[in-house]
Amino acid sequence: MSQDIQSILKRLKVDADNKGAAVGNKWLNTSGEKLASYSPVDGKVIANVTLADGKAYDEVIAEAQEAFKEWRQLPAPQRGEIVRQLGNELREYKQELGSLVSYEMGKSLQEGLGEVQEMIDICDFAVGLSRQLYGLTMHSERPSHRMYEQWHPLGIVGIISAFNFPVAVWSWNAALAWVCGDVCVWKPSEKAPISAIACQKIAERVFEKNGIHPGVCGLVIGDAEIGKKLAADTRVPLISATGSTRMGKKVGEVVGARLGKHILELGGNNAMIISEHADLNIVVPGAVFGAVGTAGQRCTSTRRLIIHESQYEEVKERLVKAYGQLRIGDPLDENNHVGPLIDTDAVKMYQAAIEKVKAEGGKTVIDGEVLTGAGYESGCYVKPAIFEAKADYEIVCNETFAPILYLIKYSTIEEAIEIQNAVPQGLSSAIMTTNIRESELFLSHAGSDCGIANVNIGTSGAEIGGAFGGEKETGGGRESGSDAWKAYMRRQTNTINYSTELPLAQGIKFEL
Ligand code: NAD
């Protein structure tokens, strides 16, 4: 890959040493720490970034404030036209950007390309949306009055993103925010900064070509400290933060204290209920992909299988067989199913979780192991593991961002739903059943308490057309499709009197 990566970086216009702050195509001098981005695939350095400092941060925000004054005046369909061009530019660089994402984050090439496809799809969605930022009209209770609502842009949207979807999360937010008339400042994960630089290089050309103020598209690369600055900044009316629940609680508190708006997209602890009426031929591939895809590092990864007692042994047997066929290795090699974890800290968390489930009484079905030897030099490759567990183990109620799957037995569908809901997180959920009563109960208000509830497909992944996000400790935010755009705008209710009288609402009389 090291040969290929050089030509990929060149085509993406990423240098060996990069500046960590940009306003459109203007890259700012910073005096921050120099960070090397290592690939978990082979442990090699991809490129370096000098992190944004406070001065560069302030410049990005000041330019964004200026840019907003111009950008909000451009009619929404014209803003959509710019986003359409961004989608086309992403089509042009899909192969390179997808490969870089795969190499820097460690997900399979197919998933890296899929992530860029998601960016293209959200751009297409946003283009259509730019003509559909609808408000409602209402009938006024007063004669010769008209009432309606309209949606206005907010200003600067601060985007804080996680390492596991290093580019798509930016686009879910930015494409929508831009058509809504907002400007964006992105604080990507410090674990995948090179992919972010590549995105900025792609986007900057589109804005430049159209003569758009560069401050519309800002980038500040840094660790949590820059994230904290963004969260606390009263010049930034909306913070969209994707990452761990730990981070979300802090960001929520800081943004809440200044009564700013936030969209929080946090951790999941996703379960699949496998009913006595399940079609096991679709259960096993769905469960295995959900648990081991992206090495268990998706917010929607399947972490718990809640299995009916009558199917339990058979499901377990089939899983063991399927896991036996998994090939673990270089994610850019299409023959492999499982790539590395993001870094060696993540490996330690995987090991600690395995120790903990055993200490709590969990029974090993497939034990974990850190792989060593040829092809595993980065130290980030681990074996996907399976444990039989009780629903209330502390470790089972926590999200471990690694390929560890817990098997839990149930006897009634009501019990299965109770187990599924008995964790602090509420992102994705699934039931595998051919019984309509069970599936309808699962989807009813007495069913799954998650933001995503699927029938006969796994928990992992989602289409951009639906609103994406979850409840409880997942943060409650929604991004992407449906009417998620409303979070990027402010609603204004307007009442217009075209009569010669001044009647008051609720029939109140006030005579002078
Ligand atoms: P993380 O919380 O460690 O970091 C996420 C981002 O937050 C990074 O950019 C980081 O620098 C920043 N950050 C950390 N502390 C901060 C603070 N106090 N103030 C401001 N910014 C701060 O998460 P991660 O390890 O990069 O990603 C994995 C987590 O993200 C998992 O929990 C996963 O479930 C979650 N995730 C959720 C979704 C979703 O849509 N619900 C999507 C992807 C990932």
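From which domains does the shell around the ligand draw at least three residues each? I looked this up in a predicted model. The shell takes at least three residues from domain 1 (15–266 + 475–493) and at least three from domain 2 (270–463).

**Entry 1, ligand shell**

I listed the residues around the ligand and got 29. A162, G227, G243, M247 and E265 come nearest to the ligand. I then checked which elements give two or more residues to this shell, and these are α8 (224–232) and α9 (245–257). The largest contribution is from α8, which gives four residues. I sorted the shell by class and noted 12 nonpolar, 10 polar and seven charged residues.

I took the domain assignment of the chain, which gives domain 1 (15–266 + 475–493) and domain 2 (270–463). Domain 1 is therefore written as two segments, 15–266 and 475–493, by an assignment that is automatic or from a database. I noted 31 Å between the C-alpha centres of domain 1 and domain 2. How many residues of domain 1 are in contact with domain 2? I found 17 residues of domain 1 in contact with 17 residues of domain 2. On the side of domain 1 that touches domain 2, the elements giving two or more residues are α4 (94–105) and α5 (109–129). The largest share of that side comes from α4, with four residues. By class, I recorded six nonpolar, seven polar and four charged residues on that side of domain 1.

I followed α5 on to its packing with helix α6 (residues 168–179). Their axes come within 9 Å and cross at roughly 10°. From α5 the contact uses E115, E118, M119, I122, C123, A126 and L129, and from α6 it uses A168, S171, W172, A175, L176 and V179. I classed the residues of this contact as 10 nonpolar, one polar and two charged.

I looked next at helix α3 (residues 76–92) and helix α7 (residues 193–209). At what angle do α3 and α7 pack? The angle is about 140°, and the axes are 9 Å apart. I noted a right-handed crossing for α3 and α7. In α3 the residues I82, Q85, L86, E89 and L90 meet I202, A203, R205 and V206 in α7. I sorted this contact into six nonpolar, one polar and two charged residues.

Last, I checked helix α10 (residues 280–292) against helix α11 (residues 312–324). They pack at an angle of about 50°, and I noted their axes as 10 Å apart. That angle makes α10 oblique to α11. Is the crossing of α10 past α11 left-handed or right-handed? I recorded a right-handed crossing. L280, V283, V284, A287 and V288 are the α10 residues in the contact, and they meet E314, V315, R318, L319 and A322 in α11. By class I found eight nonpolar, no polar and two charged residues in the contact of α10 with α11.

Methods
Residues numbered from 1 in each chain as written. Predicted model: local features only at pLDDT ≥ 70, side-chain atom pairs only at ≥ 80, totals over all residues. Near = placed C-beta within 6 Å. Nonpolar A, V, L, I, M, F, W, Y, C, P; charged D, E, K, R; others polar. Axes fitted to C-alpha atoms, helices over the stretch in contact; angles between N-to-C directions. Left-handed = near helix turned anticlockwise from the far one by under 90°. Contact = placed C-beta atoms within 7 Å. Parallel < 35°, antiparallel > 145°, perpendicular 65-115°, else oblique.
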